[in-house]
Structures are given as C-alpha cells and as structure tokens.
Amino acid sequence: MGLFTSKENISSDVTSTLVFETAKVKPNEIQMLFDKIGAVYDELENQLVVLTINIEILRYALQKSNSKNIVEQVINNAYLRFYNSLRVDSNKKLEYQRIIDNTKSKVNEILFSFHRQLASKATLVYRLIIELESIPLPIIDQITEQEFILTIDNWFKQGKLINNTYRIFDTNEDRENNNPIDFDF
C-alpha cells in the first residue's frame, strides 16, 4: 500500500525544523503522566531526556528511506536549533550536553540494536525514561504504565508517518543557501 504513494520533497533545513518542532512538544506528554502518579522529577532534565529521545526516534524513522549522511545533517541541525535557543551560560550548556549525550547513547542502543529484543521498542524506551529520571517503579500503576507505553508508541508512529509522508530533497538552490559563507577576503 505504501509503495505507490508519493512523498512530498522537503529541504533538509525544513526537515530539521520539523524534527525540532515535533520533538520539543513531547516532554509535556510525559510530564502529565508523571504528575498524574505524583512522581518527583526534575522538569528540566525530563525536557532534555524526552526531547533527545524524540529526535533520535525521528532519526531512526528518517534513516529508513533517506541517506544516512543527509539524516545526520538534519539531526545535527535540529540539535543546533536547540542549543541556539538556550539563554544560559556555557557551564549549563555543558551540563545539558552531558545529559543529552548520555540519553542519546542509551536510546540508540535500543533503536539500533542488532540483537533480538524481548520487549517492544516503546516498552524499552519507557523503561529508559524511568531509569534516567530515577522514578521508582512501585509508584507507577499498571494503567499508567500502559499510558506511558502507548504515548511512546505514538512517537514511533509519528516518526513513521513523517518518514512515509516526506522525503529529504535539497534542490541546487537549497544547497547554495546552505553552503557556508567564505569570509576569507
């Protein structure tokens, strides 16, 4: 069914914006669930963890039908958009970078695993969020756990939908606009 549908071409810059804008609203979904169960968590750390997980899920989805190099450029630009939006000192940026790098390495172990996983990727990502944010498992009831997993499963579905709808394609004009400016006079 998906073989004969045409994808809309969008530039790598637009794709980068799409990735960042999609990922930056996801922390609220998890915060609502944490608040529901009365979990004590660091709101800023939650935002960084969930933002990173969503960007990496979109990387995972986009790499299925786009060049790895182009996707890498798109994802790096999405992270740059995040760092450029920060209004904090360099020490805070380094702390944020540490949290993001730690989350990125752990989520990539789940997403790009070559071994058979006994649980779904959504379940593994849920467990990763709980681990990274030091939420005690006994406070999470079974219904809320399922809500977490369904929420994360929707992130994967959204990534797949974005990949099935759009193809990263830079025209010559896009490439010229994205070329670095040579200030060597």
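This is a predicted model: local features need pLDDT of at least 70, side-chain atom pairs count only at pLDDT 80 or more; totals for chains, interfaces and linings use all residues.
Local features need pLDDT of at least 70 and side-chain atom pairs count only at pLDDT 80 or more, while totals for chains, interfaces and linings use all residues. Residues are numbered from 1 along each chain as its sequence is written, and side-chain values use heavy atoms, with hydrogens and water left out.

Helix H2 spans residues 27–37; helices here are DSSP runs (H or I, at least four residues), numbered from the N terminus. Its buried residues are Pro-27, Ile-30, Gln-31, Leu-33, Phe-34 and Ile-37, where buried means under 20% relative accessible area and exposed over 50% (1.4 Å probe, protein chains only). Seen down the axis of H2, these residues fall within an arc of 165°, so they line one face of the helix; the arc is that of the directions from the helix axis to the C-beta atoms. The face turned away from this buried side carries the exposed residues Met-32 and Asp-35. After H2 comes Gly-38, with a positive phi near 75°.

Gln-31 counts as buried because its relative accessibility is 8%. Leaving aside residues up to four places away in sequence, Gln-31 touches Tyr-41, Glu-43, Asn-46 and Gln-47, contact being heavy atoms within 4.5 Å.

The buried residues of H2 pack against helices H1 (12–24), H3 (43–62), H6 (121–132) and H7 (142–165). With H7, the packing angle is about 180° and the axes are 11 Å apart; axes are lines fitted to C-alpha atoms, for helices over the stretch in contact, and angles run from 0 to 180 degrees between N-to-C directions. That makes H2 roughly antiparallel to H7, a term for angles over 145 degrees. On the H2 side, Glu-29, Ile-30, Leu-33, Phe-34, Lys-36 and Ile-37 take part, meeting Thr-144, Glu-147, Phe-148, Thr-151 and Trp-155 of H7. These residues divide into 6 nonpolar, 2 polar and 3 charged, with Asp, Glu, Lys and Arg counted as charged, Ala, Val, Leu, Ile, Met, Phe, Trp, Tyr, Cys and Pro as nonpolar, and the others, Gly among them, as polar.

How values were computed. Helices (H or I, at least four residues) and strands (E, at least two) are DSSP runs, numbered from the N terminus. Angles under 35 degrees count as roughly parallel, over 145 as roughly antiparallel, 65 to 115 as roughly perpendicular and the rest as oblique.
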